[in-house]
Amino acid sequence: MISIIKVPLIWLRYVYLRFIKNRLFQPYYSDYRIEKVSTQEVSFFGYYDVSPENLNGDIIYCSPNRDKSIDLHIKTRDEDKIIATTQSYNLQQGCMEQWGYAQRNNLYYNRFNANTQSYEAIRANTEEGLNDIYPLPIYALSKQEDFYLSLNFERLAKMRPDYGYFCKPVDSLPDNENDGIWYVDMLTKSVKLIITLRQLIDFKPSDTMIGAQHKVNHIDISPDGQRFMFLHRWIGPAGRYMRLITANADGSDLYILNGDKMTSHSFWRDNNHIISFCYTEQFGNAYVEFTDHSNSIRKLSDKLPVRDGHPSTFHNEWMVTDTYPDLSRYSRLLLYNLNTDKVIALGRFYQPLKYNGVKRIDLHPKWNMDGTRIYFESGHNGKRNLYFVELAGLTNINSK
C-alpha cells in the first residue's frame, strides 16, 4: 500500500516542479524567431482558417476593453490604429475579422446594431474609407468576395458558448424549419436560407437524433467558391454526435464525408480535397484527407501526432497545425510537408492554467497570404497575445 501511494506522490511532485520551471524559466522553446505583433497588454485574432495579414503587409488584431467590447486594430509599417469597436466577438474567433482575397484593402468584421437588436457584417475599405453594411453576421467569406455564408450566433451562444455572441439575451431560438445556413449575396445584399436544420435532420437520419438539439458550425468555403463544408452537430439523450458535410454554394447536393463519432477541425487543401483531424473506422483518430463526393479516405502520415489540432495548408505543399496543451501545459506548433512527409517543430509554448474553458488559448495557427509567416496565439508570457514566426530560409515558399 505504501509503494502504491508513493508513486503518485512522486509523480505529482515531478509535475509540480516542471510546472514551476516551465512558468518561470522556460515559457517557450523555439529555434526560430518569434515576435509579438502588438504592444498591447492583451491581443488576439481568432480562428485558424483566415489570415491576419493582407498582401500589403497590414495586420489586423483585437484588444479587449473593460466594457465587454473589443477594439479592432490595423498595424501597418508606420502606425497602429484602432479602426472599429465591436461587442460581437468571442475569444476563439474574434469578431470574424478578415481581409478580402480579391480586394486586398477590404476588411470584414461583425458588429451588433443596438437599434435593430441584430448582428450584422461590415465591409470596410481601408484605402477609400468606405463602409458597407450587410444584414447578417459573416461566418465564411468566399475568396472571390461575391458571397458569404452565415449562421445563428445566438444558437451557438446557447449550445456552444465558445463561439456565440452575447449582445442580447437569448430567450428563444427559431424552430428547425427557420434556422440553419444563410447565403448572402455581396452585390445585392439579398439573404436566403439555403440549408435548414430540418433538412439536415431528415437527411439520412440517425436514431441518436431522437430528442436532440441541432446546430451547425465551422463553415468553410472551397477556394473556387463552388462548394462548402460544415459540421452538423446534435446533442440529446443518446449523447453528442456530429458529421462533416459538403454542399454546393446554393445549398444543394449535400454529401456526408464523415460521421458521426468525431470530426474536429478541417480545411480545404484544394477544391476537391479536405484535410481533417477526425475519427474514422479505418484509421481511428488521425489526420486524414477526404476526396469530396467520394468515399476515398487516406491517412496523411504516421509522423503527425494523434492529437487534435487546427490544420491549414499553403500552395498545396505545406500544412501547419498545433496541439492542445499537454500535461506540462505546452502546446506544440508543427509544420508538415505534404509531399515529402517531413515534420518541422516550430516551437513549444507554455499555456497558463488560468486559461481554460471558454477562456482557453489554442494556438490556432494561420498563414499570412504569401506563406512567409505563421501567426498564432499563445499565453506563454502570462497574457493572451498574437505572435508570428518567420519562415524565411525554413521553406522554399519565399522563392516561389
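Strand β4 (residues 70-75) and strand β5 run antiparallel and are joined by six bridges; helices (H or I, at least four residues) and strands (E, at least two) are DSSP runs, numbered from the N terminus, and two strands count as paired if DSSP finds at least two bridges between them. Within this pairing, His73 has Ile82 of β5 as its bridge partner. The model is predicted, with local features requiring pLDDT of at least 70 and side-chain atom pairs counted only at pLDDT 80 or more, whereas totals for chains, interfaces and linings use all residues. Residues are numbered from 1 along each chain as its sequence is written, and side-chain values use heavy atoms, with hydrogens and water left out.

Strands β4 and β5 belong to an open sheet of three strands in the order β3-β4-β5, with antiparallel pairing. The edges are formed by β3 (59-64) and β5 (80-86), each of which pairs on one side only. From one strand to the next, the twist averages 30°, where axes are lines fitted to C-alpha atoms, for helices over the stretch in contact, and angles run from 0 to 180 degrees between N-to-C directions.

The structure holds zero disulfides, a disulfide being a pair of cysteine sulfur atoms within 2.5 Å. Cys62 is in no disulfide, and its nearest cysteine sulfur, that of Cys95, is 4.5 Å away.
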